[in-house]
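Let's walk through this one together, starting with charged side chains and then moving on to the strands. Keep the structure open as you read.

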Amino acid sequence: NSPKSQLVIPEFKKSGKVYIFFNGSKNMSGFVSTASDLSQSSNSNYAKLVSLVPDVANQIGTATRYHKYRNGLISPISGTQIDQVTNPSFYKACSVLRKRCDESTRQLNSVFEIIQNNIPREALTVITTDLNLTSEEVRDRMPGTLGHKIIALFRKGMAFGLYVLKSDYKGSINGLPGGIPYNAASARPVYLLLVGPVEKIIAFRKALKQSFSKKAPRRQEKFWLFTDKIIKNQITEQTFEKEDYSYSKGAKKTVLMKGLSEIPQFLINKKGGQVNFQAQLSQIKIPETLSFKPEIIKQDLWMQKTNKGACTKRWLKFKKSKDISSFNLQNDKIDLTFFANQAEMRKLPPRRNYFLSFSIKANKVALSEEDLDWLKDWSFDKTSYDEVVNKKAPFFPTLNLARFVNFLTAVSQDTFEGGTILRYNSVFSRK
């Protein structure tokens, strides 16, 4: 029996609560500025996104709790007040602590304090934000900081989703390097941060994508999933059909042991022969997760001594691994070659049955080259701020987005223990 890989996502079941936090800071008002105070809502992509969130949340949990947050001040709102989120009145400056309420950075820390201390692990949290993060926020890891809270949640087994959407924008962007607002933007990225069980984040993303395709089919968006669960299922010998195999001269498929008929069995000529087949990572990889590379091979080999008695008596395990099989990675395809190493194969006594358990493990995750290229256009930092401003580009990217995504990637790698993506069992004999 092949043990289940720890990389496989759990099955999704609608359950628990969904907690939604709408950012009420002044910077967010630009996403709904096309609406007047008397209108029901804006027609921006962000407004469309907000209108979809309640229906999508209802597909994930059995109850939804809504909140407004603004620089440490968090207050509940009812479901009937959701329409206000798409109207400029939702973002009016506070009458008390006005200066603090209008601060355009450090908006997320209080929400993550609640996630860490008050929200159950099985719940899903959804946060709207413009992700305007200071250098200190993406750098600091001391207790009490945003970085420290995110690391703690990763270590508890939570996954993170980051959804990016290009939306119309009109207004001032505050909280930038130098303290001077930027007023020339007509479009900006807006974000959903998702925190919770990986299967619920995947289900939320899938439902949102389906709903949004009808409402805004030409939208520009991006999604990342940061998790240690990166495959839908493990590739096994049961994955492959008869036509998937090719054989060189001296190799053929046969039946050597009727009691193991569900396991592929091969007869290899003692002068040589090999079996080739191919696996596709795209069939098992969860879309939009970090990229990974199959790197570690494990080959366990047993020789049948007798066909009677207990299993441990009938089979002898080789103490030293036999490198009789190999793989080659080409893009998302794994080319597998079995029994080609004749130097090792000749060491095996002929006319005996052998049981081979071959596995490939992934132990690293990383951003793809495509991800890195995308971040160049959607992110800036303090050193490139002047260049962005001087261009007076209508699309204004996000402060320190690349550093934040790199931070989430680094924490994902630190907490990623690796696991088996392919485990292939077979029986063979040399004759």
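Glu221 and Arg219 form a salt bridge, with their closest N and O atoms 2.8 Å apart. The term salt bridge here means a side-chain nitrogen of Lys or Arg within 4 Å of a carboxyl oxygen of Asp or Glu. Arg219 counts as buried because its relative accessibility is 14%, while Glu221, at 22%, counts as partly exposed. (Buried is under 20% relative accessible area, exposed is over 50%, and partly exposed is in between, using a 1.4 Å probe and protein chains only.)

Before going further, a word on what you're looking at: this is a predicted model, where local features need pLDDT of at least 70, side-chain atom pairs count only at pLDDT 80 or more, and totals for chains, interfaces and linings use all residues. Residues are numbered from 1 along each chain as its sequence is written, and side-chain values use heavy atoms, with hydrogens and water left out.

Now hop over to helix H10 (residues 385-391), where Lys391 and Glu387 sit four residues apart, about one turn of the helix. Helices (H or I, at least four residues) and strands (E, at least two) are DSSP runs, numbered from the N terminus. The closest N and O atoms of the Lys391 and Glu387 salt bridge are 3.9 Å apart. Lys391 is exposed, with a relative accessible area of 59%. Elsewhere, salt bridges with shared partners link Arg205, Arg219, Glu221 and Glu288 into one network.

How many salt bridges are there by this rule? The count comes to 14. Another of them joins Arg188 to Asp130, with the closest N and O atoms 3.2 Å apart. Arg188 lies in strand S6 (residues 187-196) and Asp130 in the loop between S4 and helix H4 (135-139), so this pair ties together parts that are 58 residues apart in sequence. Both Arg188 and Asp130 are buried.

On to the strands. S1 (residues 17-23) is mostly covered, with six of its seven residues buried. S1 runs parallel to S2 (residues 63-70), joined by seven bridges, and Phe22 stands opposite Lys68 in S2. Two strands pair if DSSP finds at least two bridges between them. S1 also runs parallel to S4 (residues 124-129), this time with four bridges, and here Phe21 stands opposite Ile127.

Finally, look at S13 (residues 291-304), which pairs with S17 (residues 353-366) in the antiparallel sense over eleven bridges. Asp300 has Ser357 in S17 as its bridge partner. S13 pairs with S14 (residues 315-317) in the antiparallel sense too, over three bridges, and Met303 has Leu316 in S14 as its bridge partner.
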